Amino acid sequence: MALRAPSSLKRLLVLLSPHARSLHTHTHISSSSRRYFAGYYGYNFIARHSIHSHPQLLQEAVQTSEPKAYDFQAETRMLLDIVAKSLYSEKEVFVRELISNASDAIEKARYFALQGRELDSSEADMKIHITTDKYDKTLTIQDSGIGMTKEELIDNLGTIARSGSKAFIQQLQESGSSDPQSIIGQFGVGFYAAFMVAERVDVYTKSRLPGGIGYCWSSDGCGKYTIEECEGVEPGTKIVCHLKIDNREFADEQTIKDVIKKYSSFVGSPIEVNGEQANNIKPIWLMDPKEVSPDQHDEFYRYVGSAYDKPRFVLHYRTDAPIDLRCLLYIPEGKPGLFDLNRDAESSVSLYCRRVLIMNKAENVLPKWLRFLKGVVDSEDIPLNLSRELLQDSASIRKLRTVIQNRVTRFLFDKSRKDVESYTKFFSDYGIFIKEGILSSQEQVEKEEIAKLIMYDSSAKPNGEKVTLPEYISRMADNQKDIYYLAAPSRELAETSPYFEALKKRNVEVLFCYEPYDEVVLMQLREFTNRKIVSVEKEMRQDKETVDYEGTESSLRRSQANELMDWLKTVLAGRCWGVKATSRLESHPCVVTVEEMGAARHFVRTQFTQIPEETRYSLLQPQLEINPSHPIITKLNELRNSNPRLAELTAKQLFSNAMVLAGLVEDPRTILTSINELLELALEKH
């Protein structure tokens with residue numbers, strides 16, 4: 001409730017006496033009168049603020065009418081408690097909200113001035129002044145904006161959750177005027193956040209419009225407020241927060257500066273804290289990209305990303321459709337650390353709305369795989385909850401994510417074509433995130449957009465020179481329908497792989513994948529621009545070419561090959577699910593194929609330890625394919641009769657070797673159990 005003014009004599013003594021400071025503690029003045037001087041008059045004694053005082057902060061408001069009490073239109077005290085004291089997750093947010101309101105008031109004054117409206121221009125310095133007072137536990141935020149009439153005080157401060165800024169914008173839109181881009185306020189509950197930390201809030205205001213009268217609005221946040229006329233109020237609005245004891249840290253200058261740096265560094269109006277400007281960094285994401293220098297980007301990147309390196313790539317753009325969006329995104333020059341690779345790592349992109357920080361780590365506006373980006377996203381179309389702290393999971397958010405993701409992938413794809421060297425280095429450092437994007441995406445169209453960015457070694461290029469999928473497709477022969485890849489630990493093993501022999505002979509380009517997860521990525525991708533992505537092992541298994549048994553003199557004849565294959569089925573029973581002859585091999589005696597080799601290898605790496613050995617082969621159902629022209633195979637056929645034991649050991653060893661070569665053996669040491677006996681029999685005659 002408002003306090004009554006002291007007597008005229010006491011007030012005159014305070015205003016005129018050079019010893020006014022002594023009155024503050026003199027015994028014959030009541031404590032209520034002292035509080036009136038400090039709060040209602042907006043008079044913070046000069047002796048305590050001579051260093052940082054601003055003339056406007058020393059305005060003297062004198063009560064000229066009886067205070068009149070009003071009930072909040074939102075009725076109950078419980079509702080006010082919920083809105084003002086339980087809505088925000090962090091108490092410090094009230095500073096952001098009050099600064100946003102002050103900035104809006106200044107922008108409204110500027111807008112009216114541009115429209116030619118008659119205004120009281122007694123304060124031409126459009127700034128936000130903040131004063132802290134540890135002794136009195138007060139925080140004062142004063143703007144030189146448009147101010148409020150008595151009716152506006154009742155409408156804007158007496159109605160919970162009504163936004164004067166939002167109503168202002170709606171009026172302009174209805175009249176056909178443009179929407180002022182610097183108006184911040186959206187929800188109308190920000191002012192009440194002050195009651196989280198204040199036991200009483202006093203608002204001094206005077207409209208800049210002709211005939212403006214000064215008023216003092218006051219409330220303790222318990223369901224009622226008072227309004228009274230005051231003299232000596234400067235045009236604009238001043239809010240005095242009388243802080244609770246346990247929130248007195250908000251009367252500390254450094255605390256307020258830290259909050260401003262976190263939330264309000266880019267507010268359009270200058271913000272002064274005890275006479276010193278606290279927001280000096282330009283919101284360069286709102287500038288024309290052509291006007292921002294590399295040095296400005298370097299400085300802003302280090303600020304917004306809390307980084308010490310420089311940006312590798314800069315993506316700075318604005319779009320109005322399908323969503324209003326301003327983005328300034330950086331890709332770091334340094335390699336990602338272990339914490340960055342963790343999928344639970346926080347985003348390094350901040351979300352702003354009209355220059356005001358909404359979320360420091362904006363999780364929902366970017367897909368998880370783009371967490372390596374740093375920078376700012378600013379959008380007026382983002383649906384926020386009432387406290388402007390949390391995003392609503394809606395179609396608009398999904399649209400926003402899609403728009404940003406598509407723009408980033410298009411930007412990187414352009415880099416891959418126009419700056420191959422830089423992009424190749426980027427992919428070497430950050431390719432794992434792009435592959436994660438393919439694995440985590442649900443839609444095939446989205447997967448393929450991201451897949452434009454992946455790069456692999458190619459059989460058609462020298463070692464180390466990588467190619468993209470669009471490049472691969474551009475070189476495909478007219479009769480080639482599929483994209484082929486081969487998973488191997490290294491290029492040397494890939495080039496000497498038995499699965500690569502036939503395609504190499506036919507001069508078909510094959511992509512070489514060296515990382516275990518590469519195969520999983522390509523299996524998830526499945527196809528690219530209507531072309532299937534096929535492992536060379538699967539292509540070999542699906543081969544229907546007939547074997548020419550008469551091709552060489554040393555080759556087994558058809559009948560010999562059939563007898564040998566029947567014998568191998570018997571010897572390898574329980575492990576081998578089929579034996580066939582193939583014409584695809586030249587320098588290798590045999591290979592093993594399974595229906596889905598990539599999936600089988602992934603299964604072996606992740607699940608084999610939990611499954612008995614006999615069950616493993618039942619699940620894999622490997623097929624042995626032999627080269628009837630190879631010397632080992634022809635000799636094995638002879639040994640079946642001349643040395644059955646040696647033939648059996650040789651057959652089993654050949655099958656084990658093929659399983660290792662295919663990457664289907666979890667522990668290669670298991671194939672060594674009978675090799676000593678094999679060597680002993682093989683060396684008997686020597």
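Predicted model: local features only at pLDDT ≥ 70, side-chain atom pairs only at ≥ 80, totals over all residues.

Colleague: Okay. How far apart are N and O in the salt bridge of Arg318 and Asp324?

Modeller: Their side chains meet at 3.5 Å, N to O.

Colleague: And is Asp324 buried or exposed?

Modeller: Asp324 counts as buried, because its relative accessibility is 11% and the cut-off for buried is under 20%. Arg318 is partly exposed, with a relative accessible area of 47%.

Colleague: How many salt bridges are there in the whole structure?

Modeller: A search of the whole structure turns up 27. One of them joins Glu276 to Lys257, with the closest N and O atoms 3.0 Å apart.

Colleague: Where do those two sit?

Modeller: Glu276 is in strand 10 (residues 276-277) and Lys257 is in helix 9 (residues 253-263). They are 19 residues apart, so the pair links distant parts of the chain.

Colleague: What about accessibility for Glu276?

Modeller: Glu276 comes out partly exposed at 42% relative accessibility. Lys257 is buried, with a relative accessible area of 15%.

Colleague: Which residue does Glu563 meet in a salt bridge?

Modeller: That would be Arg640, at 3.7 Å from N to O. This pair also links distant parts of the chain: Glu563 belongs to helix 20 (residues 558-571) and Arg640 to helix 23 (residues 631-642), 77 residues apart. Glu563 is partly exposed, its relative accessible area being 47%, while Arg640 is buried at 17%.

Colleague: Which residues are joined into one network by shared partners?

Modeller: Arg318, Asp320, Asp324 and Arg326, through salt bridges that share partners.

Colleague: What holds paired strands together, in general?

Modeller: Strands of a sheet pair through backbone hydrogen bonds, either parallel or antiparallel.

Colleague: Parallel or antiparallel for strand 20 and strand 21?

Modeller: Antiparallel, over two bridges, with strand 21 covering residues 531-535.

Colleague: And which residue in strand 21 stands opposite Phe528?

Modeller: Arg531 does.

How values were computed: Residues numbered from 1 in each chain as written. Heavy atoms only, no water. Pairing = 2+ DSSP bridges. Helix = DSSP H or I, 4+ residues; strand = E, 2+ residues; numbered from the N terminus. Salt bridge = Lys/Arg side-chain N within 4 Å of Asp/Glu carboxyl O. Buried < 20%, exposed > 50% of the residue type's maximum accessible area, 1.4 Å probe, protein only.
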